[in-house]
Each structure stands twice: as structure tokens, then as C-alpha cells.
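Open the model in your viewer and keep the selection panel at hand. This tour goes from one stop to the next.

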Amino acid sequence: MLTMSKAVAVLQPTENRIIRDEPIANLLTDSRSIINSEQTLFIALVTPSGNGHIYIRELYQRGIRNFLISEAIVTFQDDCPEANFISVRNTLVAMQELAAYKRAQFHYPVIGITGSNGKTVVKEFLYQLLHHDFNIVRSPKSYNSQLGVPLSVWNMSDKHDLGIFEAGISKPGEMSSLREVINPDIVVITGIGSAHQENFSSFEEKLQEKLLLARYAKQIVYDADNMVINAEIERSFLHTGLFGWSRKNEEAPLFIKGVHTEGEHTEITFKLYKGPDQTVAIPFTDKASIEDVIHCIAVTAILKPSFFPKKAIYFSELKPIEMRLELKNGYQNNSIINDSYSNDLMSLEVALDFQQRKCKASGARPVVILTDIYESGLEPDILYRKVATLMRRFDIQYFIGVGYELMSRQDLFSDVSASFFPSTSALLSAEILGQIADSCILIKGARRFSLETVSDRLVRQLNQTALEIDLTALKQNVAHYRAMIPSDCKMVCMIKAEGYGLGAFEMARTLEEANVDYLAVAVTDEGKYLRQMGIRCPILIMNPEINSWDTLIEYDLQPEIYSLKLLNSFCEALSGHQQVEPYPVHIKCDTGMHRLGFMEKELPRLCEILVRSSRIKVHSIFSHLAGADDPVLDAFTQKQIDTFIRMSETISHSLPYKPLLHILNTAGIQRFSQYHFDMVRLGIGLYGIDPITNGTIHAVAKLTSTVLQIKELPAGEHIGYSCRGVMKRAGRIAIIPIGYADGFSRKMGNGALEVYINGVACPTIGNICMDTCMIDITDVPELTEGTRITLFGSPEVPLQTVAKIMDTIPYEVLTGLSPRIQRIYFQ
């Protein structure tokens, strides 16, 4: 393993201070992503958007002791007396050099993949096809940048026997450094498009830059029918190890004899080295996936000549890669293809091909929403003439252009039904989106246009009832409870059940900004969603299921282990996955609540398995208090804590390291803070509820709606189902668009809940209906239709009041609110 002193020898830094020579197991570039401070090297990157040096003192306090910096060591040495420092001119370059050094220690095959489109898909397809035969280390997701590549290659170890890494570039001079890091034996050249073309003088120059990855490769896989690629390979003097596939040349190493699509499947017939016909069936029909699979046929033939025909069945089991062409159901019988991953002519054609096939299958009308295209390298008139040609070629029935470049070239789309807007906000302000129905809508554009707002508008119902969520209050609640524990005590924040109904992603993103140590959810799918949304904080899965192990491992989620069966199953699942370090797990002890967890009598067998298994590492041992909020149960709570101390000591003494310990929930933090141990778990307090006083700390959620209609009624009139509501005097009622189908309980009807409007209590009247309810507004004569009102979450009607009316707890109120109630976030 690389050590700090060895890193000094590799990097030849401008200065260094090594207090204690430590091994380097982990590279850390994002201060929010710290999982384990031991054997971690923090690399203080300096970018246009940030300077990693500002986090050094904070990370030192959190246990990091190794730092790679580009500022003077004297700046930090007094505040970090026990830290090792290596100072270099450029920390990114130094990180690449360390990764290149580590790469040189391993001699198994490495595949490098470059191109404008398809890199991630080819990498993931290859993994699916080859993981039965190889222990593969590969780039996470699309880590293909100057930063992502060294982080990916750093994961190589002697436990692997195949590496697959992507390499992406955006300007000249970048590929040479990536080649030094990856040093590939096999290079795959995928589709070459116009992305990042603005930084190159010509298309050929960009292709030459990409081909630098293959300079010392033993094999090069590429589309031999692409004349431009052929010419640049010839110009680059890459004459050895060429493995070009062709649909035209029967002499090619891989000749594609035929491609036949039927329904949702495609058969590819091919010859390898002029051998007999062979066929693979794949569950895709779009052009991009077919070409990606052909690249994979070539690579598998090179790596495993015996792969065909006996393992060709693996191709039929390929799973789609989620990051490409996301398809969602929309309202008004629309389907939405959200493809903002790239925005150039090649990816546009790929997306249009995908859309066309979906339209043919469903009979939907093809609609395209496209923004201005940047970094194409083409003159605007030429670029948008090509776009218009594509719209005609794919028979797009309605085109919506967003951006001034498209607006100024409307004449190019004169024979296409089209509308143009200068900005996304202008499009959203128009009524045109609400008029689209029975269509398959492709949304594609540059990220600066924030087209996710358009997708949201089309995918979600514009419900007039909303749950307004104050993210600043969320952070204030974290700070409130942090003040009750020592500064070195870690915190887990509970965001299961879709963030208790508030929205897990927004909760997670805000809590990451607040630098919490862990997030916790109930099931693996919740954690997977957060990872897909870009959440990098460690995530605990509190109720993992045996059939979810592969997904849990793929998305770097940490399981709670509560039984011997679960432990054995997880260890077995790990045997099928690549591992650089032991996998983190969290052991749950049952100290008296009798929900999940190991009983004390099971500990000898548990310790035996933990000691024997090298695949896992116990990051924490914990239990759950059943009655910490109730003084009547204090003796029971103390018994639970005493049992936990005894059980955790038994487990810890059997291990060669010390796991974190935690038992306190929100109520426990407030009433038993002396037992904070190493970490606490914040639940209901996070959402502003004090479980001891039932008061409000900082209210996070407020439920609001709109007055749909106002009726004036005489005394004695009956209101609602079963005529339960009766006007005791002549007056007015307001109809509000929320009912029990939205989670607004029937228990709140017939005056049980009072809504405060302009400081006046307005009781519900009549039964709560499925989609509406009625309130008596006789004493608020100024109220008009369309006025926004607050149903709960105000000082007059806190969430706890609604929970009391419903004879339940605030958790149930929040988690019961229907998804059709829109969530609005502010801070």
C-alpha cells in the first residue's frame, strides 16, 4: 500500500512534513464525503468554484491526518499539529501522478473507453457481460474527467483481474494525463460527436486528442466503417492491434452480417475472424444501444475468445443503463423522455431514434422541446439547419425551441409545426405546455436552461394544495440538537419514508450542506434514489432485505445487520462483488424494544462470524430506546442503556478495532445526553418537533391550499355527506381542494380542526370529502376566492394539533400526505 513517505518520493513536492508515516487507502476530494478518517488523504483541489484548503482545519477536527496541498504548510501546521502535509504546485496533477503510480503496480488487462457518446453504457454493458469471468474494477457511473479518472483508477487492487475505465476530454492536452493514469491495454472508441467541439479547431483535432489514449494500447476497438476515424487512426500511426468492426467489409475481424429488430428485441448476426455465423439477441431496439453492444461483442471476443457461443446468452440479459433517456409518465396521457445528459447533434439523433420507436409502439404524437445547443463547433446557421433536418426526418409533429439562437432562426423550421421562446421561464409562463396531450415529449437541452422545471411541469400535477418546506428551519433544528452533544460526537439524520413525507432528496441535499455525518433510510430503494440524485453522504439502510444486496452494494449503501441469517446472506453476496476494503455494516442490538436486532444470547455466534469474515467491517453498534420521552419509563430506559453497554462491549472486545456506538434518538439526546457515546440519531427533532414538551423548535412544514369557491348559505342548510354539517346561522363557507385522499383525515371534519384566517378561527363544517373539505368563514367577510390559506404549520395550528385531533403522532400526519400534494421548498 502507498504510504505518505512513498508519496513524497513519487511526487517530489516543494515541501513536506511527515509526522507519522501512514498508509494511504482512500483519496478524499470532497469534505462532505468523509466516511472513514483512517488512512485517508485529503486532496485540497483549487477550482474556479472552490478552494479545498478552506476545509483543512475542519477535516483535521473530524480525524483526517493526511493532506495534499498547494499552499504553504506553515499556514496550517499550528492548527493541525499532528497532521502530515505534502505541498505541491498543482494538487490535481499530483493526484493523477499518485493514481498513475498505483496503476503501475498491477498487470492485469485494463480497458479504456473514450468517445463523445456511449462510454458509460459500453462500460456497464461490459461489466454485465464479463463479471461472471472477471473480478472487475470500473469507473463509478460516469467518472471520466481529469478528477474522476484518478479517483476511479485508485480503486484498483490485487483482488481484481480486469479494469474498465472511461476517459472524457473537453479541450486539447487532457488525454495525455488520462492515458498515463489508465495506461490501457485495450481501447474502445465509441461514437464521436460534437460535444466540447468549441475548444478544438476541427473535428479531426478532437479525434486526434481522443486517440492519444490508444498510443500504447495492444488493441483498438472502433467502427471501421467510419471513414473519419479510419483516416485519423492512419494519421496517428496506430497500425498494430486494430480491431475494427464493419457492416460492409467481410474481411474485418468482426463483420456484422445483419441486424434484425422485432418488437422490443434485436438480433445481431456476426462473424469473428471470418468464422461461422453467430447470433446474439439483445433487449434493445434503438440505434445507440445496438452500436454499444457491437463494441461489447468485439471486446468480449478479444478478452475471452471462448465467450462465443456458449455465453452469448448473457447478451439477452443486458439491463438498460438508467442515466440514459429517462422515460416518465406524464399527465394528459403524455410520456416524457428527459435527456439532459448531453446536448449535441449526435446525442439528439440518438434521442430522436429512441423517441420514434416509443411513438411507433404506443401511437403517441412525437413532440420535441429543445434549447440552444452550445459547444458544437459549427456555425449557428449550419447547426440549426441540421437540427431542422432532423425534425423533418423523424417526422416531429410539434417542435418547441428555447433560446435566442433558435428564435432567430425560426425560418429554418417553417415546414414544421413549431413555437419559440427566448427562455425557459417564458415557456413556463405560456399556456402551451398544458395543451399538449397524447404525446411522447422529448426534453433535451443545455443545463443552463434548467429544463428540469419543464419536466416537472409536465410530469407533476399542478395541485393547488402544497406542503411548503422551510430548509433553513431544517438546518436550524440540526444546530439546535448539535448544541446538546460534544463537538466530536457524530450525527445520523433520519430521512426514511421519503423524508417523512417532505421529500427525501431535498432533505438529504440540505443535510449534506449542514455536514451531517450519516443519513438513514428504511429500504434500499430509498438509498438508491438518493445516490442517483447525487447524494454522496454515507447512507444507512435500516431495514435491508436479502434480495436487495446487489443494489445496496452497487450504490455504496451501508446495511443495518440485525440477525445471523441477514449477516450470513450479506457476506455471501459480497463474495460476488469487487472489494478494495471491507464493507461497512452496522450491528443492531435488541436491548428491550423487541423490534429488530440481535438478542444477547446470540452474541457468541455473532462475534465468531465477525472475527472470521474479512469482507465486512463493523462501523457502528447501536440500539433503539423505546420510551426515552416518558419519565415513567426511565427505569426501563436505563436498563436498555445498561444492556447496550454490556452487549456493545462484548462485540467490540472481539474485534481488532473500535466501532462507533450509538443509542440516543431525539428524546434521548434531550433527556439522556450523558450516553451520547460516539454518535446520535436525530429523527422527529429534525422536523421541528420537541418530543418532550410537544412544542415546536423551528417549524419545517406548512400545509397550504386555495379557496376554490365561496357559498353564502342561510341558517339551517346542511353541508356535505350525510348532512352532518349544519349552518347554525346565515353565513359563508369556503370549499378547499384537499380531502382524505390527500391524507387530510376525516377526523378533522365537523369542527374538529379550526383553520386560522387573518387571525380568525374558522372551523371545518361537515364531513371531510375525498378531494375537498369545507370551512365556515362567516367571520372573515373579506376572504375571496383564490386566497391562499394555511391548514397547519402556523403558530396557531402547529402540526402537533393535527396529530392530536387524529389521535396519532406527527410522523403519521406527515408521511400520510399524498404525493399529489406538491412540495415547495424555500430557504
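How many residue pairs are in polar contact across the interface of domain 4 and domain 5? The rule finds two, both at pLDDT 80 or more. A polar contact is a pair of N or O atoms within 3.5 Å; within protein, one must be able to donate a hydrogen and the other to accept it, and residues adjacent in sequence count only if both atoms are side-chain atoms. Salt bridges across this interface number zero (side-chain nitrogen of Lys or Arg within 4 Å of a carboxyl oxygen of Asp or Glu).

This is a predicted model: local features need pLDDT of at least 70, side-chain atom pairs count only at pLDDT 80 or more, and totals for chains, interfaces and linings use all residues. Residues are numbered from 1 along each chain as its sequence is written, and side-chain values use heavy atoms, without hydrogens and water.

Select domain 4 (471-687) and domain 5 (701-825); the bounds come from an automatic or database domain assignment. Their centres, taken over C-alpha atoms, are 39 Å apart. Domain 4 gives 10 residues to the contact and domain 5 gives seven (heavy atoms within 4.5 Å).

Next, show Y500, L502 and I684. They supply 58% of the area that domain 4 buries against domain 5, more than any other three residues. About 820 Å² is buried between the two domains (accessible area, 1.4 Å probe, lost on being put together, summed over both). Carbon and sulfur atoms give 72% of that area.
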